[in-house]
Amino acid sequence: MGSIDTPTITENGSTQSYAAAAPADDNQRPLASSNGAQESEATKKRRSGILPLEVGTRVMCRWRDGKYHPVKVIERRKLQSAEPSDYEYYVHYTEFNRRLDEWVKLEQLDLDSVETVVDEKVEDKVASLKMTRHQKRKIDETHVEVGHEELDAASLREHEEFTKVKNIATIELGRYEIETWYFSPFPPEYNDSLKLYFCEFCLNFMKRKEQLQRHMRKCDLKHPPGDEIYRSGTLSMFEVDGKKNKVYGQNLCYLAKLFLDHKTLYYDVDLFLFYVLCECDDRGCHMVGYFSKEKHSEESYNLACILTLPPYQRKGYGKFLIAF
């Protein structure tokens, strides 16, 4: 197209004509768009160079509070698509307790912050300094664990390697859906189940809600299968003999391991007594926590394990269990 003579006003007030610039051709793109396209191509090239992220990579990740926190990639798994971005990553938030580890999508990660080599000792020190006392209290719920004092550093590393990825993400127990904290060695047939459904009375667990509903129609228990040895108001304590109620004892250990990191899981529960604390109402007695002990301890220990379930924490039940 040709130019168009367009009048304009000069500084002295006279008019003159100038040739207006011809409109851009349809095939031409603004310079900014060209730069944007180049940046987009550069970004894609960089992403393709670092994806999929390797195990051990350090990166910033958007957490549930909407803020970005430093994480370490612990594991990864391929999704259905063949694209390099179609991976999920199991990450550890280096500022937080290991129980907050989780699977995240790629869009939660800030790829501009990717680091592949980090001095772990320096990082751990910085993370410790950055965490306030309030954060530690909020993130690290108080619970007592017994049984790993004898493990050396190598054994602890082996334990953490074996249990580094949570196999069960959530459980349903009574009226609560609870996010799990740690790995628990459920039987292999449950390895593909992200959620398990527990009967809150006999502690049998199932893969599907329908299975639990069928079970609840047949289950006759309304309290733990043991002797009630204490009652005060709506609280009751039941003593369960592991030898007499082996399946219940094993299921209780599976459940507890989801919320205790360094708990030793004994499949032979015959040697233990379990003391289960319950809140009681017209529907039955609902477990809030428990402690266990050996019937005959060579070291004269009076405690093997103690746990208050997450929905009932910060209500004084832990102190009650310790004092019982």
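Student: Okay, which residues form one aromatic cluster?
Tutor: That would be Phe186, Tyr190, Phe198, Phe205 and Tyr254. Keep in mind that this is a predicted model.

Student: How are the rings of Phe186 and Tyr254 arranged?
Tutor: By the pairing rule there are 20 aromatic pairs. In the pair of Phe186 and Tyr254, the ring centres are 5.1 Å apart and the planes meet at 20 degrees, so we call it stacked.

Student: And where in the chain do those two come from?
Tutor: From distant parts. Phe186 is in the loop between strand 9 (176-179) and strand 10, while Tyr254 is in helix 6, and 68 residues separate them.

Student: Is Phe186 buried or exposed?
Tutor: Phe186 counts as buried, because its relative accessibility is 5% and the cut-off for buried is under 20%. Tyr254 is at 11%, so it counts as buried too.

Student: What about Phe205 and Tyr254, how do their rings sit?
Tutor: Their planes are at 85 degrees and their centres 5.8 Å apart, so that pair is edge-to-face. Phe205 belongs to strand 11 (residues 205-206), 49 residues away from Tyr254 in helix 6. Both Phe205 and Tyr254 are buried.

Student: Which residue lies over the face of Tyr190?
Tutor: Lys207 does, at 5.7 Å from the ring centre. Elsewhere, Arg77 lies over the face of Trp103, at 3.8 Å from the ring centre.

Student: Switching topic: how many residues are in the largest nonpolar core?
Tutor: There are 46. Ile171, Phe186, Leu255 and Phe259 have the most contacts inside that core.

Student: Which elements give two or more residues to this core?
Tutor: Strands 8, 10, 13, 14, 15 and 16 do, along with helix 6 and helix 7. The largest share, seven residues, comes from strand 14.

Student: What is Leu255 in contact with?
Tutor: Skipping neighbours within four places in sequence, Leu255 is in contact with Ile171, Leu173, Phe198, Leu203 and Met287.

Student: Now for His286: where is it found?
Tutor: His286 is in strand 15, which runs over residues 284-294. With a relative accessible area of 6%, His286 is buried.

Student: What does its side chain make a polar contact with?
Tutor: The side chain of His286 makes one with the side chain of Glu200, at 2.9 Å. The His286 side chain also reaches the backbone oxygen of Gly284, at 3.4 Å.

Student: Which other residues is His286 in contact with?
Tutor: Leaving out neighbours within four places in sequence, the list for His286 includes Phe201, Leu277, Cys278, Glu279, Asp281 and Tyr312, besides Glu200.

Student: Last topic: what pLDDT does the protein average?
Tutor: The average is 80, and 69% of the residues score at least 70. Over residues 1-34, though, the pLDDT is below 50, and that stretch has 20 contacts in the model beyond near neighbours in sequence. Residues 121-130 are also below 50, with eight contacts of that kind.

Key:
Residues numbered from 1 in each chain as written. Heavy atoms only, no water. Helix = DSSP H or I, 4+ residues; strand = E, 2+ residues; numbered from the N terminus. Buried < 20%, exposed > 50% of the residue type's maximum accessible area, 1.4 Å probe, protein only. Polar contact = N/O pair within 3.5 Å; in protein donor to acceptor, adjacent residues only side chain to side chain. Contact = heavy atoms within 4.5 Å. Core = buried A, V, L, I, M, F, W, Y, C linked by side-chain atoms within 4.5 Å. pLDDT = per-residue confidence, 0-100. Phe/Tyr/Trp six-rings, centres within 6.5 Å; stacked < 30°, edge-to-face > 60°. Lys NZ or Arg CZ within 6 Å of the ring centre and 35° of its normal.
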